[in-house]
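Dear colleague,

My notes on them come after it.

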Amino acid sequence: MGRIGDCLGECTRNPGYKDADGDGPAARDNISVSDSEEKRDSIGVKRLSDARDEYTQIKPYAGMPKEVLVLYSSKARYRVPREILFWLTVCCTLALVAVTIAVIALSPKCLSWWQASPVYQIYPRSFKDSDGDGVGDLKGIREKLDHFEYLNIKSIWISPFYRSPMKDFGYDVEDFRDIDPLFGTMKDFEDLLAAMHSKGLKLIMDFIPNHTSDLHRWFNLSRTRDPHYEDYYVWTDCKPDGPKPNNWVSIFGNSSWTYDEVRGQCYLHQFLKEQPDLNFRNPDVIKEMIDIIHFWLEKGVDGFRMDAVKHMLEAPHMRDEPQVDPNKPPELVTTEWDLHSDYTTSQVGLHDILREFRAQMDIYSQEPGRYRFMVTESYDYEEVYKTMMYYGSRLEKEGDFPFNFYLLDLPHNTSGVWAKHLVHLWMGNMPKGKWPNWVVGNHDRTRISSSAGRLYVRAINMLLLTLPGTATTYYGEEIGMENINVTASQIQDPADPQRSPLQWNADTNAGFNEKTNLTWLPLHPDYETVNVEAQMKDDGSVLAQYRFLNTLRQSELPLNRGWFCYVHADANVFSYIRELDGLKRAFLIVVNFGKESAVTDLSSVRELPDELKVLMSTTIANDGKVFPKSRIQTEVGEGLVIQYSTNTRFNPNHPEECYISEKACYLETIDILYKC
């Protein structure tokens, strides 16, 4: 290599060299070359020629000069592999992009936060008292956020905490933009919301559009006929001692009209007389309510439960409603059950307003990871088709779901057939592709452990957490709390028995108030044994089983987004399958809602294996027990979660018995879900 370098260097340094065209330093400078120089140049060229011959025989090596690199890079044995590698890289990149696009296109939509977790309802008066006044508050809720992490619950609905005179325990709102001092301050709310979000929890607020308190500023301006607010409420002419404008009655009984001496007219109230109905036929009222929605969404609230929505509009003609019993004397028509509510509920135009609310929330949902949830409340009883309208249509979105209250009727007839009937009321009427939900208790209804009996609490929680869709849990149901007995001197509201303070431990006041000896309602006497702390230590407790089932639901694809299929129902047992196409693992749920022990024969279900092993029983001694499918034994109030493995799906052979919101299949080889 030294010879080549010397030779190349000598040629480069030679001031007299000429190229083929006669150019070069010597030619440009017109310098004559001596014979000896010409001779030396001739010898140098010869040496260079010899060097080049030798140069072409050298193999590539590390640190080679560019002349060597250029010489060899064009040779076929180096150029062809390089081109092959280049095009392979291009093809692999394109294939990867194509696969990524295909996976995205074929993947089902991920479950949103309101689908993945149960919704837990907090009645703020009764959850946790932080300041010793005997009433729960926002700071108290913040103190107990770890409870939701323990239960693996992400969605928290808090009943009203707006400023209110509390005639209807917060559902009579005096100021939609302020916190009632009973519960704290706006800073307390903001701190609570920030703490929840830091733990990955979502906050759902109660939104009460139908009415305000009679102390609200709008009502006071309306009754004095302020030009802007004059028509914010529903007014009509009447006399103070004369007949009412029509036969409409309040939810709480008696006429829904009250005379106002200041204005000299009657105003409508479908609830208490202290809760005048807003006039949603006035566009300014709709705008006001949208502004309130914006106010709370700007603060970071994750969703709203829309209260009593079916009452928002009334027929403008204000005719008498038809009586259920036409022969009943009109003066005896005093309750909502005496009338067909044809003119005071579910009026044309109602869903347009709710869709506008939804559209406003969708604006805020555009923020990544911040979907804003909307659920509507409407008790439509046997008119389930009216409830289903709150889902919206295929073209226009409304609520994510309306609350499903049909399981509240479970205690009316404890049997497997009745349980299936109540479930099917929803599943059989729900629009295709929509998401179901289930409620077994709330602040207005008797606790399920009292109405159905403590014997059935575990089975009902199993039903709630293994049915498809979103479960709603009223505070205390996770430990099986019961109604309290309230004396006449203690009662503040007819629904007080189901609103007693949450039983945290066996200490004074059940840990609800740790500063004084005050509680706004009495405690249940069983709080020393039925409490959160005690049940956390007991693997067989209601709380432990609730937690296990909720964790199982969220971790198992068949339970959180798979097929739901009816298998069996009789006087005692209700049984169903949860499965996912492509996944061998499936679950059989067997729940005894009857009044006697039962042996269930599922031998006719060929998709089930012959032997079935219990993953979890509400009777802990039966965990792990193996049953032949022809003899699955359950005691009264017992529920079984049976996990099994099979290559045969139930749903293809029984399409009329099966439901799914969004069909998905599992591809085991690469562990993904895809649309199918």
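What follows is a short account of the cysteines and of how they are paired.

Please keep in mind that this is a predicted model. A disulfide is a covalent bond between the sulfur atoms of two cysteines. With a cut-off of 2.5 Å between the sulfur atoms, the count comes to 3 disulfides, and, when the bonded cysteines are counted along the chain, they follow the pattern 1-2, 3-4, 5-6.

One of these bonds joins Cys238 to Cys266, with an S to S distance of 1.9 Å. Because the torsion about its S-S bond is about 90°, the disulfide of Cys238 and Cys266 is right-handed. Cys238 sits in the loop between strand E6 (235–236) and strand E7 (257–260), while Cys266 belongs to strand E8 (residues 265–268), so the bond ties together parts that are 28 residues apart in sequence.

Another disulfide is formed by Cys565 and Cys658, whose sulfur atoms are 2.1 Å apart. The link of Cys565 and Cys658 is right-handed, with 120° about the S-S bond. This pair connects distant parts of the chain, since Cys565 lies in strand E14 (residues 563–569) and Cys658 in strand E22 (residues 658–659), 93 residues apart. Cys565 has 0% relative accessibility and therefore counts as buried, and Cys658, at 7% relative accessibility, counts as buried too.

The bond between Cys665 and Cys676 has an S to S distance of 1.9 Å, and with 85° about the S-S bond this link is right-handed. Cys665 is found in strand E23 (residues 665–667), whereas Cys676 is in the segment after strand E24 (672–674), so the pair ties together parts that are 11 residues apart in sequence. Here the two partners need separate descriptions: Cys665 counts as buried at 8% relative accessibility, but Cys676 is partly exposed, with a relative accessible area of 41%.

Which cysteine sulfur is nearest to that of Cys91, a residue in no disulfide? It is the sulfur of Cys92, 7.0 Å away. Cys92 is likewise in no disulfide, and its nearest cysteine sulfur is that of Cys91. Cys91 is partly exposed, with a relative accessible area of 47%, while Cys92, with 53%, is exposed.

With kind regards

Technical notes: Residues numbered from 1 in each chain as written. Predicted model: local features only at pLDDT ≥ 70, side-chain atom pairs only at ≥ 80, totals over all residues. Heavy atoms only, no water. Helix = DSSP H or I, 4+ residues; strand = E, 2+ residues; numbered from the N terminus. Buried < 20%, exposed > 50% of the residue type's maximum accessible area, 1.4 Å probe, protein only.
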